Amino acid sequence: PCRSLLYRSCYVNDVPIEHSVVDFLVDSQGRTNLPQAENPSSSQSQIDVFALGIRHLVLEGGEIYYNNRKSDLNGDVRDLLFQSTFSSLQTQYSGSLSYQDGHIQWQNANPVAHSLDARFTATPTQFTLESAVLKTEKSRFSLQATARNYAQPLIHGTYHATLDSGEFRRALKNSSLPVGLLNVSGAIDYQSDPNRHFLASQPL
């Protein structure tokens, strides 16, 4: 139902999606199978996801397959679950993204099984990653972050990782790597510069 034509806002109550499958391919020349988006003219109106809100979105049993021939990187994600709710009073999306059966494989290395559990909120001015936890059998990486100003993002985040080097030893099939646990914590601060490439921009 549309909230008000005067305020140009419209909300959809419920959108369920079951067992969607995405197959993403990159060839040796770096070309992908993604459709090319047309550049909208200045006269065309832009869709505001906060004016066209979906009160409840659920994607269950999703699958993603990634095959990059240029870098010999393959990955797949199964049992994907995405949930999102929209509050018209706060003009805010809240949601979660998780999966329990993911695999990443580079060249001839053994695939690394992992899972992800992330929770987020988003308003017209700020995206907040409340928590994101990536886990393998013996390693764990967690991240919290905020991004303000979507047009020129100002990002702040903190992370902590406990890595089992034995997992990398088995995955890379390299017995010369030492065995042990590595604990790393830190902070990330970054501001986008529209006049410079992302990799050339300096962190704060």
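## A first look at this predicted model

The chain has a mean pLDDT of 83, and 81% of its residues reach 70 or more; pLDDT is the predictor's confidence in each residue, from 0 to 100. Over residues 40–45, the pLDDT is below 50, and this stretch has one contact in the model beyond near neighbours in sequence. Contact here means heavy atoms within 4.5 Å. Where pLDDT is low, the predicted coordinates should not be read in detail.

This is a predicted model, in which local features need pLDDT of at least 70 and side-chain atom pairs count only at pLDDT 80 or more, while totals for chains, interfaces and linings use all residues. Residues are numbered from 1 along each chain as its sequence is written, and side-chain values use heavy atoms, with hydrogens and water left out.

Now to the backbone. Most residues other than glycine have a negative phi.

| Residue | Phi | Loop |
|---|---|---|
| His19 | about 50 degrees | between β3 (15–18) and β4 (21–26) |
| Lys173 | about 55 degrees | between α1 (165–172) and β13 (181–191) |

Helices (H or I, at least four residues) and strands (E, at least two) are DSSP runs, numbered from the N terminus.

Is Lys173 buried or exposed? Lys173 counts as exposed because its relative accessibility is 54%, and exposed means over 50% relative accessible area, buried under 20%, and partly exposed in between (1.4 Å probe, protein chains only).

Ser96, in strand β8 (residues 92–106), counts as buried because its relative accessibility is 12%. Leaving aside neighbours within four places in sequence, Ser96 touches Leu81, Phe82 and Gln83, along with Ala118, Arg119 and Phe120.
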